[in-house]
Amino acid sequence: FAIILWGPVATMRLLAEEQQLGTLELLMTTPIREWEIVLGKFVAVLAMFMGIVVPTLVYVGLIAWFGSPDVGPLFTGYLGLVLYGAAAASLGLFTSSLSSNQIIAGATSAVALLFLTLADQAAAVVAGTPSAVLRSLSLPGHYNDLVAGVVELSDLAYFITFIAFFLLMATLSLETRRWR
């Protein structure tokens, strides 16, 4: 659940503050395309997230030093964590592109991430087709398989598609600003 808080807080200022301060117009007049702006901001947030995750590898080293852990679930767990963080960052970047208010961008991102996190529990209550849809939208549903050491192509495709979709939506949101 920490990513639900980290994602919105880390991304709420990315584009919303630029819109509020008026520096987005200045940035849009440079010879940089919108997708390059979005990708640059996404990579910056992902680098910040990796700066949080990489020091925890010390614990993996200590476990390996004093024991013999199964490396597969450790690797897939870290892969899942990075993909979950990247998904949260892409969603937060998109919501930041929609509003010039940082608080609104952060709250919108937090609510969306909370919904996507609790979709698995909601699917247990609902029956039929809505249950299957909620399960397929659930971020932890795809993340938990990776943490368990199970790498399925559907889980990787989910995260990659999720990230690409919200980066594309953020790019389109910036492109529409040119026409306003």
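Contact here means heavy atoms within 4.5 Å, and helices are DSSP runs (H or I, at least four residues) numbered from the N terminus. This is a predicted model, where local features need pLDDT of at least 70, side-chain atom pairs count only at pLDDT 80 or more, and totals for chains, interfaces and linings use all residues. Residues are numbered from 1 along each chain as its sequence is written, and side-chain values use heavy atoms, with hydrogens and water left out.

Axes are lines fitted to C-alpha atoms over the stretch in contact, and angles run from 0 to 180 degrees between N-to-C directions.

| Pair | Angle | Axis separation |
|---|---|---|
| Helix 6 (residues 71-98) and helix 7 (residues 102-125) | about 140° | 8 Å |
| Helix 4 (residues 34-53) and helix 6 | about 140° | 10 Å |

Angles under 35 degrees count as roughly parallel, over 145 as roughly antiparallel, 65 to 115 as roughly perpendicular and the rest as oblique. So helix 4 is oblique to helix 6, and helix 6 and helix 7 are oblique to each other too.

Over at helix 4, Val 38, Lys 41, Phe 42 and Phe 49 are among the residues meeting helix 6, whose own contributors include Tyr 78, Leu 81 and Gly 85. This contact has 13 nonpolar residues, two polar and one charged.

Methods
Helix = DSSP H or I, 4+ residues; strand = E, 2+ residues; numbered from the N terminus. Nonpolar A, V, L, I, M, F, W, Y, C, P; charged D, E, K, R; others polar.
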